[in-house]
Amino acid sequence: MADKTIFHCDCNSFYASVEETFHPQYRSVPMAIAGDPNARHGIILAKNELAKKYKVKTAETVGQARKKCPSLVLCPPRHKIYGEFCERVNTVYAEYTDCVERFGIDESFLDMSIFAGEEEKYAAELRRRIAQEIGITISVGVSWNKIFAKLGSDYKKPDATTLITKANYKEIVFPLPVGDLFGVGKKTAEKLAEIGVRTIEQLAAVECDYLTGHFGKLGEVLYRNANGLGDDTVAKIGDGEAAKSVGNGMTFKRNLETLAEIRIGTNALADSVAARLRRHNVKCTTVQVTIKDTSLQSIQRQKGVSPTFLATEIAKSAIEVIELTWKIGKPIRMLTITASNLIPADQVIQQLSLFETTDTAKREKQERLEQAVDRIHSKFGEKSIRRGAGNKELGIE
Ligand SMILES: [Mg+2]
């Protein structure tokens, strides 16, 4: 079969670039987005180009960043707006191809095979349009497989195109450290170094059997990825839509009226949504709440969240949305919680653990706790243990 033409489009310094469209004055100063800008221990979530020059790094604390760059301007994150920009960017991509697969909030794969031979032209056009119409820049990697396309968008940025072809990949890809290859985290890179593999070229030269002997299934993936035999299937828009969100709704025996009742309902729904996310090994970055009143009129509101599959965090965000949009006391007939904008949990570990706004140790403890509950459920059934109180009157056991 003929090679495909895959684009990987990556929004450069996404959160910071979005904020700059609202505050153009930030373009000329070092600026960063921080979970809690006023706390020294707040975490840097993203930074603009000027802040990069001061070596401000994602995931370090506000205190550490300020030491390197005392004039650093800090903004709190606005996840809802980032979600809206993500939609706008992907709408532009969708004008070119039916195959647009989102990969996190600021990256998408596009199957552009119909434009084979004109890659440079269309990559330039996409970059220009996103810059003019949305006000942010993207870098584009083009190759015959997703792994090299992704590597390409990272190779030269911001606002650049990198073409990785069968004629040049040994020049561009092979000298890079193995850690640049998608799927090779810090631990895998260390293990590879132990067997003398430091560059992608060295990885590509190792026998596949030898790698599976050392790494199991991952070994074969590493072998394929390093040799340009990586996946080249880009999902169609709307494909697997069901898997792109996980929701659960409930009509209660009696309407929910008090905040305490709403909490009970919300906790029960968040529990099942979170358990399903964990089963699929994905985390959500949006929590949506749908409320139906007694006349079955419904409203729907959502909120961007740091990537999570925790019931506690999903319930907390849902309550925040409800308190902002609903007059507590007005009876609720039906409540639905939907977790969407899903990303693979493993990818979160690699790239997005940086977006943590809560204490990492505390969160890991909660993750272990909820995963332990999953194991008890799978062994003894859903009703063997539950988080928080049920309520017979409301129909929640
Ligand atoms: Mg990006």
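**View 1. S295 sits in the loop between β10 (282–292) and β11 (298–308).** Helices here (H or I, at least four residues) and strands (E, at least two) are DSSP runs, numbered from the N terminus. This is a predicted model, where local features need pLDDT of at least 70 and side-chain atom pairs count only at pLDDT 80 or more, while totals for chains, interfaces and linings use all residues. Residues are numbered from 1 along each chain as its sequence is written, and side-chain values use heavy atoms, with hydrogens and water left out. Is S295 buried or exposed? S295 is exposed, at a relative accessible area of 53%; the cut-offs are under 20% for buried, over 50% for exposed, and partly exposed in between (1.4 Å probe, protein chains only). Its side chain makes a polar contact of 2.8 Å with the side chain of D293. For a polar contact, take a pair of N or O atoms within 3.5 Å; within protein, one must be able to donate a hydrogen and the other to accept it, and residues adjacent in sequence count only if both atoms are side-chain atoms. Look also for R333: S295 and R333 are 38 residues apart in sequence, with 8.5 Å between their C-alpha atoms.

**View 2. Three residues hold the magnesium donors: D10 (OD), C11 (O) and D106 (OD).** These protein donors lie 2.3 to 2.4 Å from the ion. Donors are N, O and S atoms within 2.8 Å of the metal (3.2 Å for Na, K and Ca), and since water is not among the atoms, sites may look incomplete. Along the chain, the donors follow the spacing D-C-x94-D. C11 belongs to strand β1 (residues 6–11), and D106 to the loop between β5 (100–102) and β6 (107–111), so this pair links distant parts of the chain, 95 residues apart. C11 counts as buried, at 5% relative accessibility.

**View 3. S153 is tucked into the model as a buried residue, at 1% relative accessibility.** You'll find S153 in helix α6. Which residues does S153 contact, leaving aside its neighbours within four places in sequence? They are H8, D10, S139, V140 and G141, where contact means heavy atoms within 4.5 Å. A polar atom of the S153 side chain also lies 3.0 Å from the backbone oxygen of K150. E194 is another matter: S153 and E194 are 41 residues apart in sequence and 29 Å apart in space, C-alpha to C-alpha.

**View 4. W144 and Y169 pair up edge-to-face.** Their ring centres are 5.3 Å apart, with 75° between the planes. Rings of Phe, Tyr and Trp (its six-membered ring) pair if their centres lie within 6.5 Å; planes under 30 degrees apart count as stacked, over 60 as edge-to-face and the rest as tilted. W144 is in the loop between β7 (138–143) and α6 (146–155), and Y169 is in helix α7 (residues 169–172), so the pair ties together parts that are 25 residues apart in sequence. Both W144 and Y169 are buried. Together with F148 and F174, they form one aromatic cluster.

**View 5. The largest nonpolar core has 35 residues, and L277, C284, I314 and L335 touch the most other members.** A nonpolar core is a set of buried Ala, Val, Leu, Ile, Met, Phe, Trp, Tyr and Cys residues joined through side-chain atoms within 4.5 Å. Elements that each supply at least two residues include β9 (245–256), α13 (259–279), β10, α14 (311–325) and β12 (332–344). α13 gives the most to this core, with eight residues. Leaving aside its neighbours within four places in sequence, L277 has contacts that include V246, V282, I314 and L342. A second, separate core has 33 residues, among them C9, L45, Y82 and L110.

View 6. Most residues other than glycine have a negative phi, and most peptide bonds are trans. D159 lies in that loop between α6 and β8 too, with a positive phi near 50°. D159 is partly exposed, with a relative accessible area of 36%. K55 has a positive phi near 65° and sits in the loop between α2 (49–53) and α3 (62–68).
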